[in-house]
Amino acid sequence: MIMEKRDKQRMLIIRLSALGDVAMTIPAIYSLARQYPELDIDVLTRPFFGRLFINKPDNVNIIAADFKGEYKGVRGTLRLLRRLGRLRPDYVADLHNVLRAWIIDNYFRIRGTRVEMVDKMRADRGELFKTGRPQQPFVERYADVFRRLGYPIKLDFESLFDKEKPGGIPFNPQHPAIGIAPFARYYNKTYPAEIMQQLIDMLIADGYNLYLFGGRGEEAEKLDNWAKERENCHSLAGKYALENEIALMGAMDAMISMDSSNQHMAALAGTPVISIWGSTTPACGFLAYRQNSGNAISLGLSCQPCSVGGASECPKGHFDCMRKLSPEVIAKKVREIVPQK
């Protein structure tokens with residue numbers, strides 16, 4: 001079979017989940033796309049996560065794969081492989097490195113396509129837990145995959161939005177505006193609700209306007225109740241599309257977030273993030289892109305970190321990493337970054 005000669009090279013990038021992890025790929029992907037405009041780039045991800053790619057470069061194409069629908073099960077996987085095969089990529093960059101991605105990787109290896117995958121440094125986690133020795137940030141690991149494929153890049157991404165014409169903002173917040181995203185997927189990455197409310201009251205007393213970010217359902221209900229009980233505190237949870245939420249994060253003077261997808265989305269909007277760390281620490285490699293490590297608040301206990309991605313309980317039972325973290329420490333950091341009027 002004679003393959004058609006192409007003038008342009010094509011790269012397939014795989015990152016299927018989760019929201020924060022997909023968000024962390026964007027600085028590397030956008031940097032790659034803009035530094036190599038002659039390269040066609042296909043990004044395979046889930047439909048909802050594809051919405052993160054706001055104002056994407058013209059040479060980036062999103063392939064949204066619904067694994068609960070069209071691409072469900074063995075037949076769905078075969079259907080997806082046929083679709084991807086028709087793209088005939090010259091390179092595959094696996095930024096996920098899990099079973100489903102391995103199936104795609106091996107399909108292309110058999111076809112003679114060069115494949116590189118992200119190093120999750122699983123073998124080094126024992127050292128991480130023993131000594132807290134920092135692992136390489138994931139954004140850099142993603143960039144390294146492109147470098148190994150022959151596309152050295154400089155991470156020069158700044159924001160999803162043009163600062164002069166940001167767009168997508170449903171309203172203009174009152175300044176000084178502080179966004180707070182108090183939830184995380186796992187219990188031991190979440191600042192206790194009663195202490196978070198103490199922090200909120202401190203910041204309101206300092207004269208800040210607070211905007212609460214969260215998901216629909218239970219999170220929205222909780223944040224609505226918090227906001228109703230306080231002046232200058234507004235819940236945005238469940239009220240806007242993802243794209244509008246990220247634009248609103250970009251309109252904040254600063255964001256307070258757990259080690260969650262919210263810190264990464266705020267970073268994509270170019271907003272300084274005060275991140276709160278419990279079972280995980282920045283040493284795990286998940287500090288948001290271009291964020292000042294001095295704004296990452298952690299007690300640095302001997303038992304931190306105790307996990308890389310979070311867990312449903314504290315293995316020690318005391319949860320001191322969060323419960324002993326004073327809200328005044330966080331409020332002081334807010335005052336440093338966003339001085340009071």
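Reader: Let's start with the largest pocket. How do the residues of its lining divide into nonpolar, polar and charged?
Author: Keep in mind that this is a predicted model. The lining of the largest pocket divides into 16 nonpolar, 12 polar and 12 charged residues.

Reader: OK, and what volume does the largest pocket have?
Author: Its volume is about 1100 Å³. Of the 40 residues lining the largest pocket, Ala18, Leu19, Gly20, Arg185 and Ser261 are the closest to its centre.

Reader: Which helices supply at least two residues each to that lining?
Author: Those are α1, α5 (138-148), α8 (242-251) and α9.

Reader: You mentioned Ala18. Where is alanine 18 found?
Author: Alanine 18 sits in the loop between β1 (10-14) and α1. A cis peptide bond joins serine 17 to alanine 18, with omega about -10 degrees.

Reader: Interesting. Which other residues does a cis peptide bond join?
Author: Histidine 175 and proline 176 are joined by a cis peptide bond, and there omega is about 0 degrees. You'll find proline 176 in the loop between α5 and β6 (177-181).

Reader: Back to α1 and α9. At what angle do their axes cross?
Author: Roughly 25 degrees, and the axes of α1 (residues 19-35) and α9 (residues 261-268) come within 8 Å. That angle is why α1 counts as roughly parallel to α9. The crossing of α1 past α9 is left-handed.

Reader: Which residues make that contact?
Author: From α1 you have Leu19, Gly20, Ala23, Met24, Ile26 and Pro27, and from α9 there are Ser261, His264, Met265 and Leu268. Sorted by class, the contact of α1 with α9 has seven nonpolar residues, three polar ones and no charged ones.

Reader: What lines the largest cavity?
Author: Ala23, Met24, Pro27, Val139, His264, Ala267, Leu268 and Tyr289 do. Helices α1 and α9 each supply at least two residues of that lining. The cavity lining has seven nonpolar residues, one polar residue and no charged ones.

Reader: And α8 with α9, how do their axes cross?
Author: The axes of α8 and α9 cross at roughly 70 degrees and come within 8 Å. With that angle, α8 is therefore roughly perpendicular to α9. It's a right-handed crossing as α8 passes α9.

Reader: Which residues meet there?
Author: Leu242, Ile246 and Met249 in α8 meet Asn262, Met265 and Ala266 in α9. Five residues of the contact of α8 with α9 are nonpolar, one is polar and none is charged.

Reader: Switching topic: how much space lies in the second largest pocket?
Author: About 260 Å³. There are 17 residues lining the second largest pocket, and the closest to its centre are Phe183, Thr190, Tyr191, Ala193 and Lys222.

Reader: Which elements give two or more residues to that lining?
Author: For the second largest pocket, those are α6 (193-205) and α7 (218-228). The largest share, four residues, comes from α7. By class, the lining of the second largest pocket has 11 nonpolar residues, one polar and five charged.

Reader: Last one: how do α2 and α3 pack?
Author: Helix α2 (residues 73-85) and helix α3 (residues 99-110) pack at about 45 degrees, and their axes are 11 Å apart. At that angle, α2 is therefore oblique to α3. The crossing of α2 past α3 is right-handed.

Reader: Which residues of α2 and α3 meet?
Author: In α2 they are Thr77, Leu80, Leu81, Arg82, Leu84 and Gly85, and in α3 they are Ile103, Ile104, Tyr107 and Phe108. The contact of α2 with α3 divides into seven nonpolar residues, two polar and one charged.

Conventions
Residues numbered from 1 in each chain as written. Predicted model: local features only at pLDDT ≥ 70, side-chain atom pairs only at ≥ 80, totals over all residues. Heavy atoms only, no water. Axes fitted to C-alpha atoms, helices over the stretch in contact; angles between N-to-C directions. Parallel < 35°, antiparallel > 145°, perpendicular 65-115°, else oblique. Left-handed = near helix turned anticlockwise from the far one by under 90°. Contact = heavy atoms within 4.5 Å. Nonpolar A, V, L, I, M, F, W, Y, C, P; charged D, E, K, R; others polar. 1 Å grid on protein atoms, 1.4 Å probe; cavity = no way out; pocket = protein on both sides within 12 Å on 5 of 7 lines; lining within 4 Å. Points joined across faces, edges and corners; volume = space filled by probe spheres on them.
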